[in-house]
Amino acid sequence: MHVPRPGPGQAPVDDLDLVERLRRHDADAYRLLYARHARYLAGVVFRLLGSDQELEDVLQESFVDAVEGIDTLEQAARLRPWLVTIAVRKVNRVLLARRRRKKLATGFALVAPRSQHATQEMSVDELRRALDALDPELRVPWVLGRIEQLELSEIARACSVSIATAKRRIAAAEQCIRRWFDAR
Amino acid sequence: MLDDLIESFRRRMEPRWDPLRERRIRLGVERGLEQRTVLRNARRRTLAVAIPLSLSVAALAVAYVVGVNSGNRTAPKGQDPARTVAAATNQPAAKQTATAAVEESRVMADGSRLELSRSAKIDVRNESPKRVELAQSEGRVHYQVTHVPGRTFVVAARGVQVQVKGTVFVVDIESGKVSVSVEEGRVRVAASSGEVELGAGDELSTPVDQEMPADTAGEAAPAAAGPTARPRAPRSEAASSPSASALLERADAERRSGDLAAAAATLRELLGRYPGDRRAALASFTLGKVERARDRAAEAAKAFQTSFSLAPDGSVAEDALAEEAVAWAAANNPAAARAAAELYTRRFPVGTHAGRMQRILE
């Protein structure tokens, strides 16, 4: 079931209070942080990873880092996008490690479609396969932009690149994905 | 057409999210926070001892070097030349050779901070306003480099060149490979196989380039074997017997850095040292996940089995039993998979994994 997700700029106003409580090391604050944002973050991480594997590890580590590093959050109102940034960095590691394990070629164009059925209908699974073949540095901004519909500035921040680079990578990813489907 | 597909993807790609999972992850967060608190306290205690000790060692080293320089002494026999402790000398920085015998932090003149593992060896090859060049030949070093406009900061690690501006990254040389992981900013990594730029969260491992010894401690070696050689300081008892919390923390860090073999070894060490610890079942469960990620299904199954045996009523018992069944199936051991799945359905007839277990039994 699809659960509507508020955008990153639409975090609840009382996140300000939550951040203050976290900074005061309020014992219950992290539970509130988790209760309020875990479901949203799980969805983002799941779609970035493309699978359930390692989802729990990424979420756990992201929340631990967030609680530990709450003092580095500059704008309390941007709590949710900040959480996304933390999670994206961890997802990047997972995707890179996964890519190394599979010994995939670095260029998307070098990876042939796996399915032998050229007439197979376009499907969500096919898009997942296309994303799996995509380099993480293209995959992550594309998912954040096209799937999660984050603003370009948020994507750039989450990926630690300039807005121009984020835009360029999304466009490159889009081109690769279209090429993938054209080859079907 | 792609837009329609994206909409479908957005609608259908939702993770399984139930109270059990929500609770399990929350408990993991609590455990992570607890571990970091324990580790922080332990670091504070260590620093309280280490700082006066380091000052004493440095003072002795300076005194010795001064004596060597004036008297041209040679190292006494029996001392291990590889166990050199860096000393502040009057030589130019480029000539200083440092071999870390114990874990230590160093702050360079520009404020850049280096944290060296016990086995780390670093040679400062050049330190000028325009260029800093370090050669790392062994071990793990965490670099926090201060950004200086117009200055180039380079780490050469066994044939791999890491060029940075202002950033935080780790270079780890172990088991014939050089690993670079970036925490903040960007670095450019060049090896004989090519160049790549890494951003925050990126990691790269590449084999040690045996053809490029010039970047290693090639120049450092004679100095290490020379007159400033010192025996390594004896390790403290605490260092040789890390606590269960410290081992868990170390294993987590190793997992995060992608060094799964090291994480597995650390978790096994924990289980060997502290089999009765309340976290042993969780450690064994984590070991199962690590082994699974290493494509070692049989080892994963054994670890999940141990986890369940250690705490059959614990918080991860249900998952451990289910994962054991799945891992045995992946290890082509259908009998063991079936046995674990049967046990699961008896213990947890309406459990989260009942469907998966049923498929194994069919």
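Student: At what angle do helix 10 and helix 11 of chain B pack?

Tutor: This is a predicted model, in which local features need pLDDT of at least 70, side-chain atom pairs count only at pLDDT 80 or more, and totals for chains, interfaces and linings use all residues. Residues are numbered from 1 along each chain as its sequence is written, while chains are lettered from A and ligands numbered from 1 in the order in which they are written. Helices are DSSP runs (H or I, at least four residues) numbered from the N terminus, and axes are lines fitted to C-alpha atoms over the stretch in contact, with angles from 0 to 180 degrees between N-to-C directions. For helix 10 (residues 334–347) and helix 11 (residues 354–361) of chain B, the axes are 9 Å apart and the angle is about 140 degrees.

Student: Which word describes how helix 10 and helix 11 of chain B lie to each other?

Tutor: Angles under 35 degrees count as roughly parallel, over 145 as roughly antiparallel, 65 to 115 as roughly perpendicular and the rest as oblique. Helix 10 and helix 11 of chain B are therefore oblique.

Student: Is Asn333(B) buried, exposed or partly exposed?

Tutor: Asn333(B) sits in the loop between helix 9 (317–330) and helix 10 of chain B. A residue is buried if 20 or more other C-beta atoms, placed from the backbone, lie within 10 Å of its own, exposed if 12 or fewer, and partly exposed in between. Because Asn333(B) has 16 C-beta neighbours inside 10 Å, Asn333(B) counts as partly exposed.

Student: How far from the C-alpha atom of Asn333(B) is that of Ala298(B)?

Tutor: Along the chain, Asn333(B) and Ala298(B) are 35 residues apart. Their C-alpha atoms are separated by 8.5 Å.

Terms used: Helices (H or I, at least four residues) and strands (E, at least two) are DSSP runs, numbered from the N terminus.
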